[in-house]
Amino acid sequence: MTETAAEPGVAFQPVEYISGDPDSGLLLLCDHARNTVPPGYGDLGVPAEQFERHIGYDIGARAVTLELARRLNAPACLTTYSRLLIDPNRGEDDPTLIMRLSDGAVVPGNALVDERERAGRIEAFHKPYHDLIDRSLNAMIAKAPPPVIVSIHSFTPVWRGVPRPWHITVLWDSDPRAARPMLDSLRAQEDLVVGDNEPYDGALKNDTMYRHATSRGLAHALLELRQDLIADPHGVTEWADRLEPVLRTIVTSLDCRRIQHFKSRSDTD
């Protein structure tokens, strides 16, 4: 079953905002927080069980984000719709923004998406999320030194029959200020297998981190947690316990709390 983001009769809200201390030094993001399909789109022609997979949302990521926001009194921005509708972690011109086929699952509701429908989904769902992030950052920077941006995602434990060994990975582009200390702190926990830009590369033109962190010169990192480790409340608590001290240390770094621009590896010009 997909999650419900609004009560019957209440307009669908494409974003969720968690308030926090503007001087917490941290803005948390969760691009793929829910597997909801908004009213008017049915089920996109996709069987319900597919929405429970990683193609529908990042399993466990919302719960981890909310727990960290609570513990750290940090603001958080989250989406409320399935990535099968539109992927907020892609640039508006990215060909994978609206997927017709996702990890073997055909998405009939996306098969005939034309430029008008694409623009409509961007305006109704994609843009409100990025506008919320911009407003949140502007409000925080107006009251305190610039925050570190941390985006919470999750990845499958097995991909195409091959087990993935990492418990957590750090994705980053060219700005090492937050990513390198996070890698060092996580690797100091000797029971963890920690990946560096695994199983994906953190340099992606016009994705969320490029748009809001790299372009603004804000220190940042994207954390990918293995889904089986955060699929229940016990796992969420365990990983919040692990990540809380890491993030508390990062935001005390003066180097991380200032604007400094690093050229993205995705920029070829």
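Me: Hi! I'm looking at Asp 267 in this structure. Where is Asp 267 placed?

Reply: Welcome! Asp 267 lies in the segment after helix 6. Keep in mind that this is a predicted model.

Me: Why is Asp 267 called buried?

Reply: Buried means under 20% relative accessible area. Asp 267 has a relative accessibility of 18%, so Asp 267 counts as buried.

Me: What makes the link between the side chains of Asp 267 and Lys 205 a polar contact?

Reply: The cut-off for such a pair of N or O atoms is within 3.5 Å. The side chains of Asp 267 and Lys 205 are joined at 3.2 Å, and this is a polar contact. Leaving out residues up to four places away in sequence, Asp 267 touches Lys 205 and also Tyr 210.

Me: Now for Ile 86. How do you know that Ile 86 is buried?

Reply: The limit for buried is under 20%. Ile 86 has a relative accessible area of 0%, and therefore Ile 86 is buried. You will find Ile 86 in the loop between strand 3 (76-79) and strand 4 (101-102).

Me: What is Ile 86 in contact with, leaving aside its neighbours within four places in sequence?

Reply: Contact calls for heavy atoms within 4.5 Å. Ile 86 has such contacts with Tyr 81, Leu 97, Ile 98, Arg 121, Ile 122, Phe 125 and His 126. As for Asp 21, 65 residues apart from Ile 86 along the chain, the two C-alpha atoms are separated by 30 Å.

Me: What makes strand 3 covered on both faces?

Reply: Look at its two sides in turn. Ala 76 and Leu 78 are buried on one side, and Cys 77 and Thr 79 are buried on the other.

Me: How do you know that strand 3 pairs with strand 1 and strand 2?

Reply: Pairing takes at least two bridges. Strand 1 (residues 15-18) has four bridges to strand 3, and these two run antiparallel; Val 15 stands opposite Thr 79. Strand 2 (residues 26-30) has three bridges to strand 3 in the parallel sense, with Leu 29 opposite Cys 77.

Me: How is the packing of two helices described?

Reply: Two packed helices are described by the angle and the distance between their axes. For helix 4 (residues 176-187) and helix 6 (residues 233-250), the axes come within 10 Å and cross at roughly 145 degrees. Residues making this contact include Pro 181 and Met 182 of helix 4 and Leu 243 and Val 246 of helix 6. By class, the contact has eight nonpolar residues, one polar and no charged ones.

Methods: Residues are numbered from 1 along each chain as its sequence is written. This is a predicted model: local features need pLDDT of at least 70, side-chain atom pairs count only at pLDDT 80 or more; totals for chains, interfaces and linings use all residues. Side-chain values use heavy atoms; hydrogens and water are left out. Buried means under 20% relative accessible area, exposed over 50%, partly exposed in between (1.4 Å probe, protein chains only). Axes are lines fitted to C-alpha atoms, for helices over the stretch in contact, and angles run from 0 to 180 degrees between N-to-C directions. Ala, Val, Leu, Ile, Met, Phe, Trp, Tyr, Cys and Pro count as nonpolar, Asp, Glu, Lys and Arg as charged, and the others, Gly among them, as polar. A polar contact is a pair of N or O atoms within 3.5 Å; within protein, one must be able to donate a hydrogen and the other to accept it, and residues adjacent in sequence count only if both atoms are side-chain atoms.
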